[in-house]
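Open the model in your viewer and keep the selection tool ready. Each stop below gives you something to select and tells you what is there.

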Amino acid sequence: MSETSAPMAAFFDQLGALLQGRTSADDVEAALGPVATGTDALAFYRTMVLRQWFLIMRDLYEPIRLLAQRREPGLWTRLVQTYAAAHPPAHFDPNQFGEGFGDFLARQRAVHGTIPTLWEELADYCWIRHRANVCPDDVGDGFEQRLFVRQYTHDVVAVAKRLSEDPAAELPGAKTIVVLVYRHARALDVRLFFPNAAGLAALAVREGTALPAAFATIPQSDQDAAIVSLVEHGVLLAEEELDR
Amino acid sequence: MTRPTTTTGVGIGLRHQHFDVIADVSRRVDWLELVPENFVGVGGRARRVLARCRERWPVWGHGVTVSVGGPDPFDAEYLRGLKALLDDLDAPMYTDHLCYATAAGTYFHDLLPLPFSEAAVRHTAARVRELADRLERPVALENISFYCEMPGAEMTEPQFVSAVLEESGAGLLLDVNNVYVNAFNHGRDPQQWLDALPLERTWQIHLAGHVHEGGRIIDNHGAPVIDEVWALYRHALTRTGPVATLLEWDTDIPALDRVLDEADRARAIYDEVAGGEVTR
C-alpha cells in the first residue's frame, strides 16, 4: 500500500480534528491555508457529520430521545455529543455506532445519578432488537445474536409502544418482566415471547448454562413441552434446522 | 477502459422500506442497486429479499464507507465480505465515491471532499488501483456533492475527477444531481460543469432530489428530481449514450410506487435520447 504523503497526512489530521469537534475551521485554515469558498463552508462539514451521527442514534434509540426531550430540552443533544466524543463511530456499519450507548447511559447514571434505570434498559431493548434483525444466518439458536433472554425492572416493551403512539403518554411504573427478543427462525421478523418458568429452564439447558436452583424442580416433561412451544414460535430452531 | 457491463436501463435502490413488496413488484425495474454496508455480514430478511430480487434483476453494489481517498488502510475484513457479496451478485464492477469517509479510525458516515490537488490525485489513484485489485473487478467513482473547496486546491473539481480516473483506470459514475448541486452552490453553469467531466468514461449515471437550506442546496436524496436536473440528464445522455441509470431516493423514502413513478420519468428520457434498448 502506498504511504500517505506529508500534505495529505496534514490535511487528514486537520480535517479529522475539525470533523470531531476538536478544532475550529479558523484553525484549520491557519494550518492548511485559506478556503476559497469561505470558513463557514468548511465549518459546515462538522454540522453535516453530526447530523449523520444523530440520525443513526435517533433511528436506533427513538424512545430514549423522546424521554430525554420530555425531561429537558437539549439533553438528548448533550448525551449524544458526549457519547460520540467518547465513542466515535469505528465500524463500516453505521448502526454499530450505537453499540455502547446502553453502557454509556449506565455510567452516566453511576456518575451523575440523573439517568433513570429505565433509559439504559430501553437502550438495551432497542439495541438487541436491531441485533436480532441483522444477525448473520447460520448461527444455530444464536443466543445473544439472534435470540436474547432478558429480565428488565421496567416493562420496556410497554414503554416503547406507548411512546411510539404518543410521545407525551403517561408511562407505566416499575414492573419486572422477562422477555425473549428474537428473530423468528423462519419468518425472519423480530418478535417478542414471554416465557414461563419451564421455558426459561428449557432455554438454559439448550444454551448449556447452569440451571438456576429455582428451576430444579420443574419436571422434564414441562421442559420438553416448552421446547416444542419455543420451536413453534420460531424462538428456537427445530432439530433438523440445527443439523443443517 | 471500456464499460465493464452491458446492463442498461433505469434501476432503483433496494431499501428495507420496500422489502415487503419489491421482489414481487409488477412494474418495470431494469436493475437494482444496494448499499453493501447494509448487507455485508447481515442475514435474515435482508438476505432473503436480496436472493429473491437477484432472481429477477441484476443487482449492483454502491459503497459509502470504503473511504477510497482516505488515509486509513482499507478494512481487510470488510473488503473480504464486500468481495464475497459482489461475487454472489456476479457484479461486473464496484462503484463508490470519490471522497474520504474515515480518518484515524473514525467513520464519519458522510462523503467528504478531498483537496483538488496533485498530491490527492496520486494518493487516491493508488488506493483505487489497490481497491480494484482486492475486489478483483473494475471500480467506478462518483463525483460527489461538495459544499466547500478544501484547502490546497490546485485544480477544478472536473479536472480532479479526470485526473484520478485517468491515473487509476477507474470509470466515472456520473451523478447528474451532484453536478447541479455543485454548480448552484459554487456559482457555475451546470451544463458547462458537466461537460468538463470525463464523460467518455461514464459507466453509470445517478439521479436524485435535493433540498434547499439557507443559501445552499444539500444533496439529500429525499425529494423528486427537479426539472433542471432532468434537463441536465437529457443532455448527459446525448454525450454518454445508453448508460445504466439509477434513480436514488434515500431520505424520507416514499412508497415504492412513488419511486417507480420517478424511475419511469427517467426511463422516458432514457428511451427517447438513448434509443430505448435495454439489456441485462
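Select Ile12(B) and show its surroundings. Setting aside neighbours within four places in sequence, Ile12(B) is in contact with residues including Ile22(B), Val29(B), Trp31(B) and Leu32(B). Glu33(B) is also among its contacts, as are Leu246(B), Leu247(B), Leu256(B), Val259(B), Leu260(B) and Ala263(B). Remember as you look that this is a predicted model.

Now widen the view to the largest nonpolar core, which has 149 residues. Which of its residues touch the most other members? Pick Tyr61(A), Phe101(A), Trp119(A), Ile12(B), Ile22(B), Leu174(B) and Tyr233(B). Next, colour helix 3 of chain A, residues 39-71: this helix gives the core its largest share, 17 residues. Then find Leu180(A), Phe193(A), Ala226(A) and Leu230(A), which are among the 18 residues of another core, apart from the largest one. Nonpolar side chains tend to be buried together in soluble globular proteins.

Move to the sheet in chain B. Eight strands form an open sheet in the order 3-2-1-12-9-8-7-4, with parallel pairing. From one strand to the next, the twist averages 30°.

Zoom in on strand 7 (139-142) and strand 8 (171-175) of chain B. They run parallel, joined by three bridges. Glu142(B) has Leu173(B) in strand 8 as its bridge partner.

Finish with two helices of chain B. Helix 7 (227-240) packs on the sheet, touching strands 8, 9 and 12. Its direction makes about 170° with that of strand 9. Helix 8 (256-274) lies across strands 1, 9 and 12, at about 155° to strand 1.

Note on methods: Residues are numbered from 1 along each chain as its sequence is written. Chains are lettered from A and ligands numbered from 1 in the order in which they are written. This is a predicted model: local features need pLDDT of at least 70, side-chain atom pairs count only at pLDDT 80 or more; totals for chains, interfaces and linings use all residues. Side-chain values use heavy atoms; hydrogens and water are left out. Two strands pair if DSSP finds at least two bridges between them. Helices (H or I, at least four residues) and strands (E, at least two) are DSSP runs, numbered from the N terminus. Axes are lines fitted to C-alpha atoms, for helices over the stretch in contact, and angles run from 0 to 180 degrees between N-to-C directions. Contact means heavy atoms within 4.5 Å. A nonpolar core is a set of buried Ala, Val, Leu, Ile, Met, Phe, Trp, Tyr and Cys residues joined through side-chain atoms within 4.5 Å. Buried means under 20% relative accessible area, exposed over 50%, partly exposed in between (1.4 Å probe, protein chains only).
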